[in-house]
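Me: I'd like to learn how to read salt bridges in a model like this one. Can you walk me through it?

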Amino acid sequence: MEPCSAAKAGHVKSVLTSPAKLITESLAGIVTALALIPEVISFSVISGVDPKVSLIASFVICLTLSFIGGRPAMVSAAAGSVALVIGPMVAAHGVNYILPTVVLAGGLQILFGGLGLARMMRYIPQSVMTGFVNALGILIFMAQVPHIIGHGPMVWLFFAVTLAIVFGLPRVFTAIPAPLIAIVLLTAVVAYTGIRLPNVGDEGSMSPGLPGFNSLQVALNWQTLSIIWPAAISVALVGLMESLLTAKLVDELTDTPSNKHRESWGLGIANILSAFYGGVAGCAMIGQTIVNVELGKARSRVSTVVSACVLLLLVSVLSQVMAKIPMVVLAAIMVIVSIKTVNWHSLQPKTLRRLPVSETLIMLFTVVITVWTSNLALGVVVGALFATLLFARRISHIIVAKRSLSEDGQRVTYQVQGPLFFASSNDLYEHFDYANDPKHVIIDLSAAQVWDASSVSVLDSIEHRYHRHGCQVTLVGLAGRSEAIHQRVSTHRQ
């Protein structure tokens with residue numbers, strides 16, 4: 001067993017042998033399972049499938065990744081981001097195409113994990129991550145608004161009481177998570193008093209029993225592939241990106257590492273299993289992960305195993321009890337989660353004054369795109385591209401070419417400093433006095449780095465322009481990778 005795996009196994013063993021830790025992990029899992037229900041049900045409408053199907057898929061995904069995933073305590077289930085990309089295909093071609101789409105997406109995720117695509121996460125700037133987190137908090141909050149507004153004063157009363165319990169109870173009692181107490185207590189009050197509030201049962205069918213295994217209902221041919229491959233690629237990329245971003249967030253919250261490669265192929269296996277028993281794809285659920293890690297203080301795989309088992313129990317045996325949970329109570333808990341999710345430090349005036357304007361713009365741009373499209377993965381991709389463009393623009397103007405004329409006036413030396421690549425090398429072209437320089441020109445590149453063929457092409461153009469004026473150009477200072485690129489690409493090789 002690898003050291004990392006041994007450490008994880010040892011952590012699980014320590015939880016199982018410690019009654020206090022086991023209770024903490026189990027209670028966190030219970031609260032997380034309850035927090036999963038309204039979001040999974042609402043996203044099933046987007047996917048175009050029965051709510052129970054999404055709940056069973058969530059059980060399969062959550063349980064599978066509890067054992068083979070790369071990030072302990074991270075909650076994965078049938079997610080809204082995946083539903084957004086698979087929903088249009090279902091609307092156009094029907095639910096029968098979900099199974100092959102999800103299987104193909106799962107296969108791609110296994111392939112991406114094997115190819116090491118998770119390493120690409122290192123290229124996402126911190127400002128994009130901050131925008132991602134802030135946008136997530138906004139989206140979680142916005143998703144709760146329909147469950148609170150427009151349902152009468154009693155809903156507002158239960159909303160306020162839930163907030164009071166979750167915020168106030170931990171000051172005097174911490175043995176049981178306050179969100180779990182709020183759910184059980186207020187559900188009991190509603191059941192005992194007969195108060196009519198919108199509940200989980202109103203969101204979708206909660207009939208007892210479990211669905212059977214899915215079978216392929218469409219022919220495996222080129223026509224089917226032409227229908228499913230765009231959605232499958234989107235599901236694979238969106239699910240993988242959201243899971244890896246969530247894993248990175250949990251790494252920071254818990255100060256513990258995760259295995260991103262394992263999470264990648266593990267998600268693929270979980271989605272394939274879900275396709276045959278459940279039917280829809282999923283990925284990490286960031287809001288519920290925050291519930292598990294922050295509110296529940298979970299740190300091990302035990303919490304997610306418990307969450308999956310409780311979810312199965314609620315769907316199969318206690319569906320009628322689950323149906324009676326007031327939606328406003330769950331919504332209030334998720335509002336608290338949204339507040340905890342936002343990085344408030346990044347929005348403080350002193351922080352904004354200290355950071356470069358470009359960093360703030362990237363963060364805000366990521367937030368706007370994510371909230372506007374309700375697509376976390378798209379927001380991150382666009383934010384990262386915007387950050388790349390700003391970075392390229394910023395370093396494209398740092399090229400310096402210092403001109404020095406020899407004492408006899410027969411030779412001029414330009415000492416170039418800075419990175420030469422497709423954006424900055426165009427500025428280099430303007431630093432030379434082609435018409436007035438003497439016949440011998442030396443371009444010293446010892447303090448510069450040639451990164452691409454565009455830079456070599458610009459250097460060739462500079463030489464060519466000097467040749468038109470009858471000047472001889474000598475390039476000096478090239479070494480290592482810069483020299484190799486120039487030797488391979490230049491049309492003026494010595």
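Reply: Start with burial: buried means under 20% relative accessible area, exposed over 50%, and partly exposed in between (1.4 Å probe, protein chains only). This is a predicted model, where local features need pLDDT of at least 70 and side-chain atom pairs count only at pLDDT 80 or more, while totals for chains, interfaces and linings use all residues. Residues are numbered from 1 along each chain as its sequence is written, and side-chain values use heavy atoms, with hydrogens and water left out.

Me: How many salt bridges are there by this rule?

Reply: The general idea is that side chains of opposite charge can pair when their charged atoms come close. The rule asks for a side-chain nitrogen of Lys or Arg within 4 Å of a carboxyl oxygen of Asp or Glu. That gives three here.

Me: Which residue forms a salt bridge with Arg71?

Reply: Asp251 does, with the closest N and O atoms 2.6 Å apart. The two sit 180 residues apart: Asp251 is in helix H9 (residues 222-254), and Arg71 is in the loop between helix H3 (51-68) and strand S1 (76-77). Helices (H or I, at least four residues) and strands (E, at least two) are DSSP runs, numbered from the N terminus.

Me: Are Asp251 and Arg71 buried or exposed?

Reply: Both are buried; Asp251 counts as such because its relative accessibility is 13%. Asp251 also meets Lys260 in a salt bridge (2.7 Å, N to O).

Me: And what does Asp437 pair with?

Reply: Its side chain meets that of Arg403, again as a salt bridge (2.7 Å, N to O). Asp437 is buried at 6% relative accessible area, whereas Arg403 is partly exposed at 42%. As for shared partners, Arg71, Asp251 and Lys260 are joined into one network.
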